[in-house]
Structure formats: C-alpha cells, structure tokens
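Hi everyone, thanks for coming. Let me put the structure up on the screen, and then we'll walk through it together.

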Amino acid sequence: MARIILAEDDTAIAEPLARALTREGYEVSVRGTGQGALDIVGNADLVILDLGLPDMDGLDVARTVRAQGQDLPILILTARADEVDTVVGLDAGADDYVTKPFRLAELLARVRALLRRTGADGAGDELRVQDIRVDLGARRAFVGNREVQLTAREFDLLRVLAKAAGTMVSRDALMREVWGSDPSSSTKTLDMHVSWLRRKLGDDPNSPRYIATIRGMGFRFEDGS
Ligand code: CA
C-alpha cells in the first residue's frame, strides 16, 4: 500500500488524520517540520503538506521536493484560503489543496484520487471476507457473483467494516471515516445506513451473518471464522 508523509506540526490535526489514513491501509509517517518531511520524501508515494510549518514555509518544502526531481503528488493543507491561488499560481509544485478546517472524507477522497493518478493506490486491490468481495479500485461490491448496487456512503461503510473484519469498529470511527464528521453529532444516520447495507447484502439484522451490532459501541464485520 501507498506510503504517505504527513507534514503537519499541529498534533490536533496530525494525530486523527494519521489514524484515519492508517485505517485506510496507508503507511503513514508524520513529521512536524519541513526538513523532517524532506529527509524521508524519497521513500514516499504522496506528501500531505501543511503550509504553516515551524521551520520552513510549506511552499518552500514543495519547491524543494520538485527541485530534487521528485514527482510524487503533493497535497497542500492550508488555513490560508486566500493564498490558495498563490499555491497554484506560483506553481510551487503542489497537485491539489484542501483548506482547513477540512472534512476528513473529502481529504481522503483527494488522497485516493492523487494516488490513483500515479497508480500508487494499489488499484485492483480487493477485500474478501466470507463470500463478499470489495473491489477497492473500481468501488464495486459483490456477494458471491452478484453485484450489489451501493451508494457512496454504503460502499465506504462496507469498505471500512470489511477491512477491519473480525474486529469491532466503533461508532465514532465510522462517523469520522465515512462521514468525516464530529462523532458527537447525531449518529442516527449511521444506523440507517447500516440497515440499508445489510438489506442489500441480504443480511438478517436479528441473526447477522455479516454485520454484527455491538450495542452502544459499534459494529463488527464477521470474518466467518
Ligand atoms: Ca501548522
């Protein structure tokens, strides 16, 4: 799976983001300085780069990466929305940007898109649990040979649960990773989507074969063992 450098000095942003990326299956290295990121950039598939780093301007980090001849995608994180034009206009070498505060789901989508572009996303990778097959590259899901038509949310829910098959995924984690929202917000929508997903998979909520409810805590995709 793809290796990502997260250059962000604000741990309140870096820690949850690194957790989410790790959960997506990426190998994540967090660095709190521009130099720290530059030191390891040769081994990475993508850099998520905060513009406001303590030792150097993120734009200079991007320029240095390009000056070294590295062509990996650079995704800029910036609180300075007014400077986004500068990021792109001055062609510091960034590929895309997300402004803070960002929605986690949106950021993850941008990361996927950038990696897909470079072919580093392991497109074609599949999850197989019981008789369920999840094609991560094509975003298609199958029960046996039957394709299941899922909405984007249902697919992401299935992907996160199936990837963690055999272990519980907390309600908070699902809210963050599928909806990108603050877990303290209403989670009724989570239960609705789980219910729809179960129905499409042909699962029985009273005796679930696939998605077990851990009451008040989360859900577990049964690995069939
Ligand atoms: Ca910062």
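You'll find Q130 in the loop between β6 (126-129) and β7 (132-135). One thing to bear in mind as we go: this is a predicted model. In this model, the phi of Q130 is near 50 degrees, a positive value in a residue other than glycine. Why point that out? Most residues other than glycine have a negative phi.

R139 is another residue with a positive phi, about 55 degrees, although R139 is not a glycine. Look for R139 in the loop between β7 and β8 (140-143). With a relative accessibility of 31%, R139 counts as partly exposed.

The peptide bond from K100 to P101 is cis, and its omega is near -5 degrees. For context, most peptide bonds are trans.

Now for the metal. Which residues coordinate the calcium ion? They are D9 and D50, each through OD, and G52 through O, at 2.2 to 2.4 Å. Along the chain, these donors follow the spacing D-x40-D-x1-G. Is D50 buried or exposed? D50 counts as buried, since its relative accessibility is 4%, while G52, at 38%, counts as partly exposed.

Let's finish with two helix pairs. Helix α1 (residues 11-23) and helix α5 (residues 104-118) have axes that come within 11 Å and cross at roughly 50 degrees. That angle makes α1 oblique to α5, and the crossing is right-handed. From α1, the residues L17, A20 and L21 meet L104, L107, L108 and V111 of α5. By class, this contact of α1 with α5 has seven nonpolar residues, with no polar and no charged ones.

The other pair is helix α6 (residues 152-163) with helix α7 (residues 171-179), packed at an angle of about 130 degrees with axes 9 Å apart. So α6 and α7 are oblique to each other, and α6 passes α7 in a right-handed crossing. On the α6 side, the contact is made by R153, D156, L157, V160 and L161, and on the α7 side by L174, E177, V178 and W179. How many charged residues does the contact of α6 with α7 have? There are three, alongside six nonpolar residues and no polar ones.

That's my tour, and I'm happy to take questions.

Notes. Residues numbered from 1 in each chain as written. Predicted model: local features only at pLDDT ≥ 70, side-chain atom pairs only at ≥ 80, totals over all residues. Heavy atoms only, no water. Axes fitted to C-alpha atoms, helices over the stretch in contact; angles between N-to-C directions. Helix = DSSP H or I, 4+ residues; strand = E, 2+ residues; numbered from the N terminus. Parallel < 35°, antiparallel > 145°, perpendicular 65-115°, else oblique. Left-handed = near helix turned anticlockwise from the far one by under 90°. Contact = heavy atoms within 4.5 Å. Nonpolar A, V, L, I, M, F, W, Y, C, P; charged D, E, K, R; others polar. Donors = N, O, S within 2.8 Å, 3.2 Å for Na, K, Ca; no water. Buried < 20%, exposed > 50% of the residue type's maximum accessible area, 1.4 Å probe, protein only.
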